[in-house]
Amino acid sequence: MGPDLRSPWTWLPPSLALLLVIVLAASTANKAVFVLLNHAGHALGDRLWLHLTMLGDGDGAVALALVVPAIRRSPRIFWAALIAAVFAALWVQVLKQVVSVPRPLAVLPPQLCFQSGPGFRAVSFPSGHAAASFAIAGIWIMASPGAAARRAALFALAVLVSLSRVMVGVHWPLDILWGMLGGWLGACCGLSLYARYQWTTVGASGFLAGALLLMVAAALLFSNHMRIPEVLPLQRALGAICFGWGALEMFLMLPRIELRRQTKGELDGP
């Protein structure tokens, strides 16, 4: 089943993001809203926002690692999340090549911008962190009927992860909103394609995809690609959990893969 178009959880988040994009762009309030949010968030300290920004990981490593434990129990989540991740990555990278927007650090005087972590200055639009966080959150939200509290919690977490990019001083609000829109559209695309094709993870393609994601999870144990020393303990803990859990799920899949292979051989005949 694809996303339920009658549910507000499907159409309201992207509609809200698009509306806010139009309002900010038309009012030229992008800089003012950045300064307001950046200064308000600074009151909570750097460590909170740095750990939240790690969860979004612009390269998508954390988001992809979080998908692998679903490989056996929920092929729908697994494949839809992979499609959403590809869509979100293209949404971000293509636009970054076409639209060259300087980041806040390159535009604002130092007294107007609190900054933590790597100080990026170019190629701001859109936010890869926002796209990744809303792609994965969107999959879980739209694929989980009922449980409004859980849906709201996931949405709030995606909002905080995205806002962390403003709080650490590297993205404008418009970057966040456009990334949110792309991530949510990617989630809709992933769920719709899975509803049409109903891919299984019990097979060579599913096992290969799972193995690749296990490698991503394992890389989190050693990589420092985010260049934020404060978040390394949590990054490595997430990598270990996702790797161990994902490897267990794939091990438990092996009898089903073997049974499917034998059944296919019997159907093909001698």
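In which helix is L212 found? L212 is found in helix α10. Helices here are DSSP runs (H or I, at least four residues), and they are numbered from the N terminus. The model is predicted, so local features need pLDDT of at least 70, side-chain atom pairs count only at pLDDT 80 or more, and totals for chains, interfaces and linings use all residues. Residues are numbered from 1 along each chain as its sequence is written, and side-chain values use heavy atoms, with hydrogens and water left out.

L212 counts as partly exposed, because its relative accessibility is 48%. Buried means under 20% relative accessible area, exposed means over 50%, and partly exposed lies in between (1.4 Å probe, protein chains only). L212 and A80 are 132 residues apart along the chain, and their C-alpha atoms are separated by 16 Å.

Two other leucines also form pairs across the sequence. L252 belongs to helix α11. With 36% relative accessibility, L252 is partly exposed. L252 stands 180 residues from R72 in sequence, yet the C-alpha to C-alpha distance is 7.9 Å. L16 belongs to helix α1 (residues 8-27). The relative accessible area of L16 is 39%, so L16 is partly exposed.

The nonpolar cores come next. A nonpolar core is a set of buried Ala, Val, Leu, Ile, Met, Phe, Trp, Tyr and Cys residues joined through side-chain atoms within 4.5 Å. In soluble globular proteins, nonpolar side chains tend to be buried together. The largest nonpolar core of this model has 56 residues. F78 and I139 have the most contacts inside this core. Two or more residues each come from α3, α4 (61-65), α5 (75-98), α7, α8, α9 (173-197), α10 (204-219) and α11. The largest share, ten residues, is given by α5. F78 is in contact (heavy atoms within 4.5 Å) with V67, V68, A70, I71, T201, G206, A209, G210 and L213, leaving aside neighbours within four places in sequence. A second, separate core has eight residues, including F34, L108, V166 and I176.

The largest pocket holds about 570 Å³ of space. A pocket is an open set of points on a 1 Å grid over the protein atoms alone, where a 1.4 Å probe fits, with protein on both sides within 12 Å along at least five of seven lines; lining residues have an atom within 4 Å of a point. Grid points are joined across faces, edges and corners, and the volume is the space filled by probe spheres set on the points. The lining of the largest pocket has 20 residues, of which L66, I136, W140, L154 and L157 are the closest to its centre. Elements that give two or more residues to this lining are α3 (46-56), α7 (128-142), α8 (148-167) and α11 (232-268). The lining divides into 16 nonpolar, two polar and two charged residues. In this count, Ala, Val, Leu, Ile, Met, Phe, Trp, Tyr, Cys and Pro are nonpolar, Asp, Glu, Lys and Arg are charged, and the others, Gly among them, are polar.

Helix α3 has W49, L50, L52, T53, M54 and G56 as its buried residues. D57 follows α3 and has a positive phi, near 30°. S164 lies in helix α8. S164 counts as buried because its relative accessibility is 0%. Not counting residues up to four places away in sequence, S164 touches W49, L52 and T53. The side chains of S164 and T53 are joined by a polar contact of 3.2 Å. Such a contact is a pair of N or O atoms within 3.5 Å; within protein, one must be able to donate a hydrogen and the other to accept it, and residues adjacent in sequence count only if both atoms are side-chain atoms. A polar atom of the S164 side chain also lies 2.4 Å from the backbone oxygen of V161.

Several loops carry backbone features. The peptide bond from F125 to P126 is cis, with omega near -5°. P126 sits in the loop between α6 (104-107) and α7. Q198, in the loop between α9 and α10, is not a glycine but has a positive phi near 50°. Q198 is partly exposed, because its relative accessible area is 44%. R227 lies in the loop between α10 and α11. R227 is not a glycine either, and its phi is positive, about 55°. With a relative accessible area of 53%, R227 is exposed.
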